[in-house]
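Have a look at the model first, then read on.

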Amino acid sequence: MSSVLRSSLLTGHGFSHGFSTREGGVSVPPFDSLNLARNVGDDPAAVAENHRRFAEALGVPVTRVYEVTQVHRAEVQRVGANDDVAALRLIEADALAASPAPTGEALCLAIRTADCVPVLIADPESRAVAAAHAGWRGIVAGVIPAAIRALAEAGGGDPSNFVAAIGPHIRVDAFEVGDEVAHEIEAAAPGCGAIRPRQPRPHADLSLVVRAHLEASGVRNDSVDDVGGCTYADAARFFSYRRDGSRSGRLLSAIVG
């Protein structure tokens, strides 16, 4: 599926992964076309086919794609090869981590976004993987450091050897916030320059905070890749809840371990 975006860094280390766009699916407007959310009012049969296509693009059966109920906090769910996919979807968390799967039992960790920052992380030595859903609330709560700790525990590796990719999300020019939110984001990573003083309200650069938290957790800055893309500004390629509200579908970002 050519519409799936990939990180050259993760690809170079041999990790199958992808950041979906809204292209290449079967959903009809307003969820056209690769909507990967089951709870926004889209036709369930279309959503199921979209999931099958996305999984196929990553080289895994759809029955091996693991998701959780995302709640904008910092809980991390450990995933095992014997976990039930449907049961895991009911667990509240905003990141997933998995030890290297046994040969022939590859599993895929996936998170949904429609403006928040998707972050895929891997340990090239152990082959353990993690995926994090990082909205501003989750970032402030510490979801990135929590995901790094869980990945280190899952693979027994050193974060200085980890590689990470940041996917499409709402970028600074589109992400206007109130003063209280700006204060919380600034306090989460003082000095990284994430808050831009603009009129009538400040704007926030979430990718800078994510990078700061990755670096503070031990990941080298040159081991972090950003695939680009603003979900709000690029309506042709991405869903955006801030732009479209309840008429927005969801993107999926996933990594295979």
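## Cysteines, a threonine and a ring

The closest cysteine sulfur to that of Cys192 belongs to Cys116, and at 17 Å it's too far for a bond. Keep in mind that this is a predicted model. Cys230 isn't in a disulfide either: its nearest cysteine sulfur, again that of Cys116, is 13 Å away. A disulfide needs the two sulfur atoms within 2.5 Å, and by this rule the count comes to 0.

| Residue | Relative accessible area | Class |
|---|---|---|
| Cys192 | 23% | partly exposed |
| Cys230 | 14% | buried |
| Thr231 | 0% | buried |

You'll find Thr231 in the loop that runs between β11 (224-226) and α8 (241-244). Setting aside neighbours within four places in sequence, Thr231 touches Asp115, Pro168, His169, Ile170, Phe238, Phe239, Ser240, Arg243 and Leu251.

On to the rings. How many aromatic pairs turn up in a search of the whole structure? The search comes back with 0. There is a charge over a ring, though: Arg127 lies over the face of Phe15, 3.8 Å from the ring centre.

Notes. Residues are numbered from 1 along each chain as its sequence is written. This is a predicted model: local features need pLDDT of at least 70, side-chain atom pairs count only at pLDDT 80 or more; totals for chains, interfaces and linings use all residues. Side-chain values use heavy atoms; hydrogens and water are left out. Rings of Phe, Tyr and Trp (its six-membered ring) pair if their centres lie within 6.5 Å; planes under 30 degrees apart count as stacked, over 60 as edge-to-face and the rest as tilted. A charge sits over a ring if NZ of Lys or CZ of Arg is within 6 Å of the ring centre and within 35 degrees of the ring normal. Buried means under 20% relative accessible area, exposed over 50%, partly exposed in between (1.4 Å probe, protein chains only). Helices (H or I, at least four residues) and strands (E, at least two) are DSSP runs, numbered from the N terminus. Contact means heavy atoms within 4.5 Å.
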